[in-house]
Amino acid sequence: MVTYFTDTDTDITAKEAAEFGYKLISMPYTLDGKEVYPYVDYETFDSHSFYQMLREGRMPSTSALNPYDYKKYFEPEFAAGNDILYVHFSRAMSASFDAMDRAVRELKEKYPERMFYTIDTKGITIGSLNIAREIGDMIKAGAPVEEILAWGEKEVDKFAVYFFADDLKFFQRSGRVSGIAGFMGNMIGVRPILTMTEGGRMESIGKERGRVNAMRRLLDYIEELSEDMDKHRVIIAHADAPELADRMKEMFIERFGDSYRVEINQVNPTAGSHCGPDTLGICFHAKHR
């Protein structure tokens, strides 16, 4: 048998993970000196309360898991005779995967017959979520692991993500965005447009003044790059900005029609610690990233 894992940095909730057949790895954040594990320390993410604390000036941080953490997740499956497939957020964005590699090496010495597979979504939040949901559909349909791995090899780089942040201080503090430095300073009303590259990193690719212009820019990328969009989900993500997400959906329908499967999702707190409140993004199936 194969046990499927994903993690909370994909935006998937504990309830949805269980519906798709995933076991969920919780990626922590620290706020006010307390380390918090999503869906371990609470059942439901209170997004408004979390992002309101950030608006009030409280600054969270994130940290990688250690090898022991990964062993706690993986060893019971190996001991039960199960192989593992882990659909995870971008390896390029966290040292957590070095710890995972070490844990798996040590476990493989103890359980040499077991197989450990991964699909790197090369994304975080909705980019990862869109892929995790599609793979979840395959899991529910009983697809063999070889078919899922082949799908990932072909499709991961076809899920494009474009987004913008409302307050650059969170990205500035995290240091995880290439090309963002030029936007720092007194850039009131200017929002950098960001994407996830094929290398799994966040990169700033332009700027727009005002939210509406930024949303139009995201739609321009969809118009230019979309492919087979009607066969896949379109996911809009927001960090406690539901009205903005609803307006983004309206603008999408105005331009492309209402025949697409458009879903709205909340950005998880660990990723939200880096992007901050009122971030908005969209993920769609594309010719390429």
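**Entry 1: α8 and α9**

I began with helix α8 (residues 211–225) and helix α9 (residues 242–256), whose axes lie 10 Å apart and pack at an angle of about 45 degrees. This is a predicted model, so I kept that in mind for every entry below. The two helices, α8 and α9, are therefore oblique to each other. I also noted the hand of the crossing of α8 and α9, which is right-handed.

Next I looked up who makes the contact. From α8 I wrote down Arg211, Val212, Met215, Arg216, Leu218, Leu219, Asp220, Ile222 and Glu223. From α9 the list reads Leu244, Arg247, Met248, Met251, Phe252, Arg255 and Phe256. Sorted by class, the residues of this α8 with α9 contact come to 10 nonpolar, no polar and 6 charged.

While I was on α9, I stopped at Glu254, which sits in that helix. Is Glu254 buried or exposed? Glu254 counts as exposed, with 60% relative accessibility. I also checked Glu254 against Ile222: the pair is 32 residues apart in sequence and 13 Å apart in space, C-alpha to C-alpha. Ile222 is a name I had already met, as one of the α8 residues in the contact with α9.

**Entry 2: α5 and α6**

Then I turned to helix α5 (residues 126–140) and helix α6 (residues 145–155). Their axes come within 10 Å and cross at roughly 155 degrees. That angle is over 145, which makes α5 roughly antiparallel to α6. The crossing of α5 and α6 is right-handed.

Which residues make this contact? On the α5 side I found Ile131, Glu134, Ile135, Met138 and Ile139, and on the α6 side Glu147, Ile148 and Trp151. By class, I have 6 nonpolar, no polar and 2 charged residues for α5 with α6.

**Entry 3: α3 and α4**

One more helix pair went into the notebook. Helix α3 (residues 67–79) packs with helix α4 (residues 96–110) at an angle of about 40 degrees, and their axes are 9 Å apart. That makes α3 oblique to α4. I logged a right-handed crossing for α3 and α4.

The α3 residues in the contact are Pro67, Tyr70, Lys71, Phe74, Glu75 and Phe78. Those of α4 are Ser96, Ala99, Met100, Arg102, Ala103, Val104, Glu106, Leu107 and Lys110. Here the class count for α3 with α4 is 9 nonpolar, 1 polar and 5 charged.

**Entry 4: residues with positive phi**

Most residues other than glycine have a negative phi. I went looking for exceptions and wrote down two of them.

Lys122 has a phi near 55 degrees, a positive value in a residue other than glycine. I found Lys122 in the loop between β7 (116–120) and α5. With a relative accessible area of 24%, Lys122 is partly exposed.

Asp278 is not a glycine either, yet its phi is positive, at about 70 degrees. Asp278 has its place in the loop between α10 (269–275) and β14 (280–285). Asp278 counts as buried, at 15% relative accessibility.

**Entry 5: Asp240**

Asp278 came up again when I looked at Asp240. Asp240 lies in the loop between β12 (233–238) and α9. I have Asp240 down as buried, at 11% relative accessibility.

What does Asp240 touch, leaving aside its neighbours within four places in sequence? Asp240 is in contact with Ser47, His48, Tyr51, Arg55, Gln266 and Asp278. I also checked Asp240 against Lys207: the two are 33 residues apart in sequence and 22 Å apart in space, C-alpha to C-alpha.

**Entry 6: cysteines**

Last, I checked for disulfides. How many are there in the whole structure? The search finds 0 disulfides.

I wanted to see why, so I looked up Cys275 and the closest cysteine sulfur to its own, which is in Cys283: that sulfur is 15 Å away, too far for a bond. A disulfide would need the two sulfur atoms within 2.5 Å.

For accessibility, Cys275 counts as buried at 6%. Cys283 is buried too, with a relative accessible area of 0%.

Methods. Residues are numbered from 1 along each chain as its sequence is written. This is a predicted model: local features need pLDDT of at least 70, side-chain atom pairs count only at pLDDT 80 or more; totals for chains, interfaces and linings use all residues. Side-chain values use heavy atoms; hydrogens and water are left out. Axes are lines fitted to C-alpha atoms, for helices over the stretch in contact, and angles run from 0 to 180 degrees between N-to-C directions. Helices (H or I, at least four residues) and strands (E, at least two) are DSSP runs, numbered from the N terminus. Angles under 35 degrees count as roughly parallel, over 145 as roughly antiparallel, 65 to 115 as roughly perpendicular and the rest as oblique. A crossing is left-handed if the near helix is turned anticlockwise from the far one by less than a right angle, and right-handed if clockwise. Contact means heavy atoms within 4.5 Å. Ala, Val, Leu, Ile, Met, Phe, Trp, Tyr, Cys and Pro count as nonpolar, Asp, Glu, Lys and Arg as charged, and the others, Gly among them, as polar. Buried means under 20% relative accessible area, exposed over 50%, partly exposed in between (1.4 Å probe, protein chains only).
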